[in-house]
Amino acid sequence: MYLPRLILRNALRHRLRTGLTVLGLAIAVLAFGLLRTVVDAWYAGADAASATHLVTRNAISLVFPLPLTHRERIRRVAGVRKVSYSNWFGGVYITERNFFPRFAVDAGTYLDLYPDYLLPAAERKAFLLDRRGAVVGRKLAQTYGWRLGQSIPLRGTIYPGSWEFVLRGIYDGRQPNTDEGIFLFHWDYLNETLRRNAPRRADQVGVFVLDLMHAEDAARVSGEIDALFKSSLAETLTETEKAFQLGFVSMIDTIVLAVQVVSLMVVVIVLFVMANTMGMAAGERLPEYATLKALGFRPGFLALLVLGESVLIALLGGLAGTALTLPAAAAFSAQTGTLFHGFAVSHTTMVLQLLIALGVGVLAGLPPCLRAARISIIAGLASLN
Amino acid sequence: MQEASEVPAVRMQQLRKSYHRGNQEVPVLNGIDLVIEAGAFVALVGPSGSGKSTLLNLIAGLDQPSGGDLEVFGQELSVLSEGALARWRASHVGFIFQFYNLLPVLNALENVELPLLLTGLSRRERREHALAALSMVGLSDRLTHYPSQLSGGQQQRVAIARAVVTDPLLLVADEPTGDLDRASAEEVLAMLEELNEALGKTIIMVTHDNRAAQRARRRIHLDKGELREGADGV
Amino acid sequence: MALPLTYIARNLVARRLTTALTAGGMALVVYVFAVMLMLDEGLHQALVQTGAADNALVTRRSSETEIQSAVSRQDAAVIASQPEVALGPDGRRLASGEVVVLISLPRQGSGKPANVVIRGVSPDAFLIRRGVRVVHGRIFRAGSAEILAGAAVARQFAGTALGAHLRFAQREWTVVGELDAHGSAFDSEIWGDAQQLMQAFRRSAYSAVVVKLVAEPRLESLRARLESDPRLTVEARRESEYYEGQSRLLSRFILILGTTISLVFSAGAIIGAMVTMYSAVAKRTAEIGTLRALGFRRREILGAFVGESALLGFVGGAFGLLAASAMQSLSFSTMNFQSFAEISFGFVLSPRIALLSLAFGVLMGLLGGTLPALHAARLDIVASLRKV
């Protein structure tokens, strides 16, 4: 009981220095946690992807559409339970800054495929009945203060013109990582307009989303679908929804990598700060360590004394930083609006945060700990004068 | 103390110690022959650099000799490993330093209790021993004071309590009055005398202070690493 | 009578370990800060260099990018015939109807797919974009399935080297040359014959038309004329402004992320400096008392400690900048959020960035050192002398 008390009192000896070091650690651990959560958020779409969903797109790239006629042939492939489709609409809501994904979807089948979008039956019915109806996620509706029945104008970029939608439903995510930042409307409404204004672009689909009866069939079904359209005017590439989502992340993977490298750098920075603090503390106390040694205490006791203090300070900072991560993430999520969905701090992140604090404490404490254990009694006592 | 009267407290033969400064070997003690009988109160005196502190450190087991033999209470110190030496010090030697060397983060009682951590005593026993030691040095009313709240003389008395709390045979004191005013110095010296006379502790004290040296029962002069036992010698 | 710089510097040298750890922390922060600015500078240079001020890019009205745009052949002919369009050496108007699409190619090494811009151009494109040259191989022959790979594409994507064959849009294409566009966005593109590519991708319309202007200021009259023409629904932009606009979202992202990270990290480094400087003051209390006794005034003590901390920050900043400057030989490629196409750019260190980084380092030092220095300056002479 003596040792912990001694460690605690040593840590509290230079309150200002200890306080500053704890603060530094808390900031670093917080920054690490937030950066990791940002990276997690990028992958959230992939994590939320259903294992039984496949996505079929044009083999050249996403920019090229597929003819709607592919739908029937895809549906006949054995193992496919349901087929839906969507087009990326692009567009601008008031200004370019208001970015959120907008999709024209085959309404009925699409909502069936995404049971994680919880939509009240009445709103679902209202949406399906209104060709200009739209459904949005709860978070998106809150961001712009939209209410049911409200009209929402979009300026077309990929599909020119002014578009007007009526909000008919607001869905909640079933899972914490369900994307509540999406704007959905009727593909039929888009297609009718195109038939009138740009008939060459009508009856074209961005991607088909299909639901399998058994997740194990994914590889076989993908192969069969792509073989079906091989050498046709619109060759397809079919992959799992997860792989499809990961494809987006991989396009910015250098940025993801940079963020990961940077999040490790903050750990090194705070390691320097911590090592400095412990080095100075041990340097000042060499005569005390020599005295303890003269009284008969062994090097192991001194090592524990120094290391214990380092770990104690580091863990205090780590706990504070980890505790602050949750409110900070909530604030960050509120600030960035719908840019990231599923901005949730994972348990792994919190465990890692504490482990990093512990690691910094041990590493920073090691050099002074060896110094204290190895100090010669004579030299240590002499340094007092 | 029967055993102590048969075995001398310290016996050394041709004890040598030298330090390395760069490539140079600097001799500090050049072959010292000395016997200090158990129950003695000895003052080691001599000019700065004479080697008296080095000799004290060797006797206390803080440092290892470069050559020669050294036995303390019959124990050959050079055969002990570092760990064993540490345990030996804990049970056989009490230390009194010029600057007291109390841990600033511990109060008086805790500082005195510190060496007892190395014994098998229970928590309650430790506390009782520490209280007894502090009452012996007259500081029962300062138990929860921290070193910074005590005067120099009081701090040195706490240090003396810490030195005797494990009931060692040998007390070593390095300039115990060096940092104290006259009155406090007198108190400390009186306390050492009493420890020697009433409890039979062997005390070896390094000092510059003539008055302090006079209180010892034997004075050993060192000069340039050699023994010059004075006229008032044995 | 300020305390000499040597006094300040020697104190830093005297406690090497502490100085190294503190400056090391600041160096890392400055490194992150400088790299972020260099990345943004590289992006700007790449995209600003891409467009020429005397070129006009004509797209369908309200399209944000060439990829979203469509301009019919008839409209393209109308655009090319405007009097603001310069004449080429053979007396024809310098206009290139271009088709721009994205194809997905596997990256070198990882094999992960990324979007690459394929630009179908007319032969005049090289007269309009004077910065783009064919450095290896030769230009594509009109009417053949031949393509040119930009330098960054050849470097980063598998199977795009000179002589390689690429399969897309049901055809086999041969890489017959490599483009050098001096690090601009065209380095991240594949060029081919517009007519061939339109056939292969079954496009009847161009994506955009690029024209060389007679003179830079003539853009205004071209814009007015085209936008008032009832036959057309197009808009004309200066090419340089278009490409600068293309960098805006990514640039803002890099700057916001980078600045936030640098600021948060600098808090850690400033704390490190404070710890160090407070300890320096505590250790040198007697020395401060002596200096005061010798006749140095409070503000000189303050100056010495603030200076010491600023120097610490400067040293950290210099090392961070040095490490960052080593990044100049690397290039960075990522998807441009606006065009969805992969773009490759370098880390560019400008004098402004160097200065900003050093200033950032010094500022961290100053912020960390001020409180301890004030503490040092306020010490009582007699009390501090007694600490000998």
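So, the two domains of chain A: their C-alpha centres sit 48 Å apart. Domain 1 covers 2–45 + 253–382 and domain 2 covers 60–234, with bounds from an automatic or database domain assignment. Keep in mind that this is a predicted model, where local features need pLDDT of at least 70 and side-chain atom pairs count only at pLDDT 80 or more, while totals for chains, interfaces and linings use all residues. Residues are numbered from 1 along each chain as its sequence is written, chains are lettered from A in the order in which they are written, and side-chain values use heavy atoms, leaving out hydrogens and water.

Okay, next: where chain C meets chain A. Here 54 residues of chain C are in contact with 48 of chain A, contact being heavy atoms within 4.5 Å. About 4,400 Å² is buried between them, 70% of that from carbon and sulfur atoms; buried area is the accessible area (1.4 Å probe) that two parts lose on being put together, summed over both.

How many salt bridges cross the interface of chain C and chain A? The rule finds two, a salt bridge being a side-chain nitrogen of Lys or Arg within 4 Å of a carboxyl oxygen of Asp or Glu. A:Asp253 forms one with C:Lys112, with the closest N and O atoms 4.0 Å apart. And on the chain C side, α9(C) gives the largest share, 17 residues. Helices (H or I, at least four residues) and strands (E, at least two) are DSSP runs, numbered from the N terminus.

Last stop, chain B: four strands make an open antiparallel sheet, ordered β2-β1-β4-β5. Strands pair if DSSP finds at least two bridges between them. The edges are β2 (24–36) and β5 (75–76) of chain B.
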